[in-house]
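Dear colleague,

I am passing on a structure that you have not worked with before, and my notes on what was found in it follow below.

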Amino acid sequence: MTPPPSPDASGLEAPSPEDLLVERIRRHGPVGFDALVEAALYAPGTGFFAAGGRAGRGGDFITSPEVGPLFGAVVARALDAWWHALGDPDPFVVVEAGAGRGTLAVAVRAAAPACAPALTYVLVERSPALRARHGEHLPLTVPTQALPPAPADEDDEPAAAADGPRFTSLADLPAGPLTGVVLANELLDNLPLRVLERSAAGGWREVAYTLVDDRPPVVECLVPVDDRLAARADGWAPAAAPGQRIPVLTDALDWLRRAMEVLDRGRVVVVDYGATTAELAARPATGWLRTFRGHERGGLAHEDLGAQDITVDVPVDQLVSVARPDVDDDQATWLRDHGLDALVEDGRRTWAERAHLGDLEAMKARSRVREAEALTDPSGLGAFRVLEWGR
Ligand SMILES: C[S@@+](CC[C@H](N)C(=O)[O-])C[C@H]1O[C@@H](n2cnc3c(N)ncnc32)[C@H](O)[C@@H]1O
């Protein structure tokens, strides 16, 4: 079921994702999977995220920051390590892209990292509905005051900002050059991308969407692909059998290039579920291209447009075309490398000391042990990839 249209700023009803796709197909012919995702998730006012679809226990899916504050506490430790490695710069700018409702930022703040006085934390979130929630639990500063002003002249030192941590919220990546970290947890899996299918004749066709008799609903079809793209697909998944499908990253590659350009020094850190293109080809497409709604698996991607999340396992080998990552770990290993075990041990000790009191501190300590299990679960979040590109 498509959600009811919501009025935009002018008071007019915003077109639904389906309306937008129908209009586009009528004018341009079949559209690719990238256009479907763009409309379904981000159509102004009516796309799944644009209308406020979100992570969390009361939301539509659970991410590592939403499991509890432990993930943010480990990220805070990693931020300190990277800050020191950069020579304790002030300001130290952390850009969290795809920040959702701001849960990770809240946990990082609560962990009180050593870099806090130098820290400017920029929450970047495309959805206005989710951006509107950033101020609920964070003291937001206007971007012009939080971000270091560009020096008027190349020889000028940037003006000193007020003591941190400063939090600010933007709709897109800030302009660089900045010194710090660009971090994205489960962003890339939600960015528009194309999908190809191996044809019986051995070539590739693109999954696209069209209309029958010029009327909705949109239906799936296959359209030809150019030789260059087909050759790249052969390179990624040479053994793909007829009918097998692969994701082809588009917006994620642009995002990664732009994220790297934001930094003069620092690192881009991406956390997401992923595998190689060849591994994904070998699975049924419904295994790596999923829809979610209220924590349940949803229908096909082109059904219930705007009412369900559409997400894909990220083909990590394709990211290498932008730059080879310096770090490629599973999340469990990465969390342990950044101090997870010590935090859990603290939790265990506190629980042992305070269990009989049953107070908030005891409950938080017990919850930390459970959070660690979820975050390192090898059949779940623990198997996510953490990729880092140093600058
Ligand atoms: C799966 S959610 C992850 C939210 C959060 N990072 C977490 O782990 O709970 C992906 C978020 O990225 C946002 N998003 C999508 N494209 C974006 C872009 N180009 N820039 C910033 N945010 C974007 C979506 O609106 C959505 O809130």
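**Core and salt bridges**

Leaving aside residues up to four places away in sequence, V268 touches V182, W255, L256, A259, M260, L263, L387, E388 and W389. Please keep in mind that this is a predicted model.

V268 is also among the residues with the most contacts inside the largest nonpolar core, which has 60 residues, and F33, V182, L188, W255, I310 and L319 are listed with it. Helix α2 (residues 33-42) gives the largest share of this core, 8 residues. Another core, of 41 residues, lies apart from it and includes V75, W82, V181 and L375.

Turning to charged residues, the count of salt bridges comes to 21. One of these joins the side chains of R101 and E66 (2.7 Å, N to O), and this pair links distant parts of the chain, since R101 is in the loop between β2 (92-97) and α5 (103-110) while E66 is in helix α3 (residues 64-67), 35 residues apart. R101 is partly exposed at 26% relative accessibility, whereas E66, at 13%, counts as buried.

A salt bridge also forms between the side chains of R198 and D234 (2.8 Å, N to O); because R198 lies in strand β6 (residues 193-198) and D234 in helix α8 (residues 227-236), the pair ties together parts that are 36 residues apart in sequence. Here R198 is buried, at 6% relative accessibility, and D234 is partly exposed, with a relative accessible area of 33%.

Finally, a network of salt bridges links E197, E220 and R245.

With best wishes

Technical notes: Residues numbered from 1 in each chain as written. Predicted model: local features only at pLDDT ≥ 70, side-chain atom pairs only at ≥ 80, totals over all residues. Heavy atoms only, no water. Core = buried A, V, L, I, M, F, W, Y, C linked by side-chain atoms within 4.5 Å. Buried < 20%, exposed > 50% of the residue type's maximum accessible area, 1.4 Å probe, protein only. Helix = DSSP H or I, 4+ residues; strand = E, 2+ residues; numbered from the N terminus. Contact = heavy atoms within 4.5 Å. Salt bridge = Lys/Arg side-chain N within 4 Å of Asp/Glu carboxyl O.
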